[in-house]
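Please read the points below alongside the sequence and the model. They take up ring pairs, charged side chains and backbone angles in turn.

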Amino acid sequence: MATRAGAGTVVAGAAVVALLSAALALYGPPLDAVLRRAFSLHKPHSITDMENTLQLVRNIIPPLTTKKHKGQDGRIGIVGGCQEYTGAPYFAAISALKVGADLSHVFCTREAAPVIKSYSPELIVHPVLDSPSAVRDVETWLPRLHALVVGPGLGRDNVLLENVKGILEASKARDVPIIIDADGLWLIAQHPALIHGYRKAVLTPNHGEFTRLSDAVLRDLVDGSDHREAVRRLSQALGNVTVVRKGERDVMSDGEHVLECAHEGSSRRCGGQGDLLSGALGVLVHWALHAGPEKTNGSSPLLLAALGACSLTRQCGHQAFQKHGRSTTTTDMIAEVGPAFRRLFET
Ligand SMILES: NC(=O)C1=CN([C@@H]2O[C@H](COP(=O)(O)OP(=O)(O)OC[C@H]3O[C@@H](n4cnc5c(N)ncnc54)[C@H](OP(=O)(O)O)[C@@H]3O)[C@@H](O)[C@H]2O)[C@@H](O)CC1
Ligand SMILES: Nc1ncnc2c1ncn2[C@@H]1O[C@H](COP(=O)(O)OP(=O)(O)OP(=O)(O)O)[C@@H](O)[C@H]1O
Ligand SMILES: [Mg+2]
């Protein structure tokens, strides 16, 4: 699937591509058009590599059957939500549900809880994050959670950040996958040891957050124009945690392999799109780890999940922008999660 950085050869696989293109033409745009949008072709990816990678993302999606009980397809926790920011944890939590999780918990401050609850009756909201017993309160839920998304709307209050340190340690001790975004990344930039070497962690920095992390962690300067190498080096420096650098192209690496997603998105840069991505990623990381190596074919489950979440977020943006243009907001994108998911992964 992904290329080993700096190596690899392009295999054309033209016959296979022609067959797959013909098949897909029955259901949507030509395969190579879809793939050209999803991947950068200037590096050594063949179209067959790319189709295989997308197929691996599809492989991790659990089937919808009548044989499961509530919770099996995902119980996701979001750690964030404070006086200033209530939208971000809501966007992440509702996106996790819309992608296919069964239950979404938000762990936020006492003040933020009634506000977040009022946005949606579908969320389970715990007003614990500023309590002296915050770590214990979250810890009691950890055995029931499949992934934790830490940071959307967390803010930078020192009491909250201290509590989040304890929550991170408790989550690692229980082997819970952790997605770190927004102010969670601010905390990691101050204390990289909190996440160093934890192989079930994914960091999702935007441009500013990536710069802050690189400044904190890397000793020597990296060529800022080479995003692939910059992301790979940051991942390596953090002990191979998976890093997803969001931007005009999303670049992701586990320190060894590098993937790039240039799937067509939208030209609107309204706030909250990263929160949608982090909530979606929480579910996909759980699915990818749960799927097992026979479904992921030896590829990094976290990289597959990251590629899935980036493609999905961008597809939501694209569809919402076609309908709403300049007035597109993240709420419009969330309304597209279902159709975008079907279009990308179920056709
Ligand atoms: N509705 C809600 O509740 C929402 C709440 N949110 C929550 O807000 C909290 C803070 O998050 P944040 O992203 O604003 O972080 P922060 O590091 O202060 O970034 C601002 C600085 O970084 C820069 N900068 C950023 N991106 C850049 C780029 N692509 N390219 C270049 N520069 C870029 C930017 O530079 P400037 O434009 O000001 O020069 C500025 O200095 C967090 O909890 C988050 O979850 C959001 O999720 C949105 C929806
Ligand atoms: N210049 C761009 N062109 C196209 N898509 C972009 C661009 N920048 C970001 N995106 C997409 O928007 C999504 C969110 O990335 P963004 O950088 O806005 O995150 P963020 O700043 O953390 O968002 P939030 O407002 O939720 O904090 C990602 O899927 C990314 O691919
Ligand atoms: Mg953000």
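Which residues do ring pairs link into a cluster? Ring pairs link Y90, F91 and Y119.

1. Basis of the note. This is a predicted model, in which local features need pLDDT of at least 70, side-chain atom pairs count only at pLDDT 80 or more, and totals for chains, interfaces and linings use all residues. Residues are numbered from 1 along each chain as its sequence is written, chains are lettered from A and ligands numbered from 1 in the order in which they are written, and side-chain values use heavy atoms, with hydrogens and water left out.

2. Aromatic pairs. Rings of Phe, Tyr and Trp (its six-membered ring) pair if their centres lie within 6.5 Å; planes under 30 degrees apart count as stacked, over 60 as edge-to-face and the rest as tilted. By this rule the count comes to 4 aromatic pairs. One of them is Y90 with F91, a tilted pair with 5.8 Å centre to centre and 55° between the planes. Both Y90 and F91 are buried (buried means under 20% relative accessible area, exposed over 50%, partly exposed in between, with a 1.4 Å probe and protein chains only).

3. A pair within one helix. F341 and F345 form an edge-to-face pair, 5.1 Å centre to centre with 70° between the planes. Both lie in helix α15 (residues 337-345), 4 residues apart, or about one turn of the helix. Helices (H or I, at least four residues) and strands (E, at least two) are DSSP runs, numbered from the N terminus. F341 is buried, and so is F345.

4. A salt bridge is a side-chain nitrogen of Lys or Arg within 4 Å of a carboxyl oxygen of Asp or Glu. The count by this rule is 11. E162 bridges to K165, with the closest N and O atoms 2.9 Å apart; the two lie 3 residues apart in helix α7 (residues 158-173). K172 and E169 form another salt bridge, at 3.4 Å between the closest N and O atoms. K172 and E169 are also 3 residues apart in helix α7, and so are separated by about one helical turn. E162 is partly exposed at 46% relative accessible area, and E169 is partly exposed at 40%.

5. A salt bridge between loops. The side chains of K246 and D181 meet at 3.3 Å, N to O, in a salt bridge. K246 lies in the loop between β8 (242-245) and β9 (250-253) and D181 in the loop between β6 (178-180) and α8 (182-190), so the pair ties together parts that are 65 residues apart in sequence. K246 counts as buried because its relative accessibility is 14%; D181 counts as buried because its relative accessibility is 2%. Elsewhere, salt bridges that share partners join R228, R249 and E260 into one network.

6. Positive phi angles. Most residues other than glycine have a negative phi. D175 has a positive phi of about 65° although it is not a glycine. D175 is found in the loop between α7 and β6 and, at 41% relative accessibility, counts as partly exposed. N297, also not a glycine, has a positive phi of about 55°. N297 sits in the loop between α12 (293-296) and α13 (301-324) and is exposed, at 60% relative accessibility.
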